[in-house]
Amino acid sequence: MKWLLLTLSLFVSISAFAEQDRYQFDNNKQAILFEELTKELRCPKCQNQNIADSDAVVAKDLRDKVLVLVKEGKSKDEVIDYMIDRFGYFVHYDPPVTPATLVLWVLPVLIVIVGFGFIVIRQRKASVKQTWSSDDEMLLAKLIEQNKRQEQS
């Protein structure tokens, strides 16, 4: 039993030493830029996880490409533009304001405003009180009287 526990603990401890990707940089500025970019770029497969935290193969490929671009001396904006050109605005957590994104943000608000306006207009039309005339009172009394006679029969 002791050997079994020892063997199991050995396997557990070996998995604890699993290595993360380690990248070599020419200077500290490149390392900081790489870290910023990998936290700012979104994994296309994971959809809500940055490429720094994602274990997807495509995220590893993107990290490698970011590394190459950073080592080539590209600026942060140039790397982001490269990724957007290749994967679309989805890959960036902070997409620019375009007509398409304006529609996505403004259209739901407009729908809510129009819906609220529709409800208010319907309520106003429904709340307009009709005047109760003496003819209406006579008709009501006549209908009540007819109903009483039918119940008695």
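This is a short tour of the salt bridges in the structure above. The model is predicted, and it holds four salt bridges. Side chains of opposite charge can pair when their charged atoms come close.

**Stop one: within helix H2.** Start by selecting residues 28–40, which make up helix H2. Now show the side chains of Lys39 and Glu35: they form a salt bridge, with the closest N and O atoms 3.2 Å apart. Because Lys39 and Glu35 sit four residues apart in this helix, about one helical turn separates them.

**Stop two: from H2 to H4.** Next, select Glu40 and Lys76, whose salt bridge brings the closest N and O atoms to 3.0 Å. Glu40 belongs to helix H2 and Lys76 to helix H4 (residues 76–87), so this pair ties together parts that lie 36 residues apart in sequence. Lys76 is partly exposed, with a relative accessible area of 28%.

**Stop three: helix H3.** Finally, move to residues 57–71, helix H3, and pick out Asp64 and Lys60. Their side chains meet in a salt bridge, 3.1 Å from N to O. Asp64 and Lys60 are four residues apart, about one turn of the helix. Are these two buried or partly exposed? Asp64 counts as partly exposed at 26% relative accessibility, and Lys60 is partly exposed at 31%.

Note on methods: Residues numbered from 1 in each chain as written. Predicted model: local features only at pLDDT ≥ 70, side-chain atom pairs only at ≥ 80, totals over all residues. Heavy atoms only, no water. Helix = DSSP H or I, 4+ residues; strand = E, 2+ residues; numbered from the N terminus. Buried < 20%, exposed > 50% of the residue type's maximum accessible area, 1.4 Å probe, protein only.
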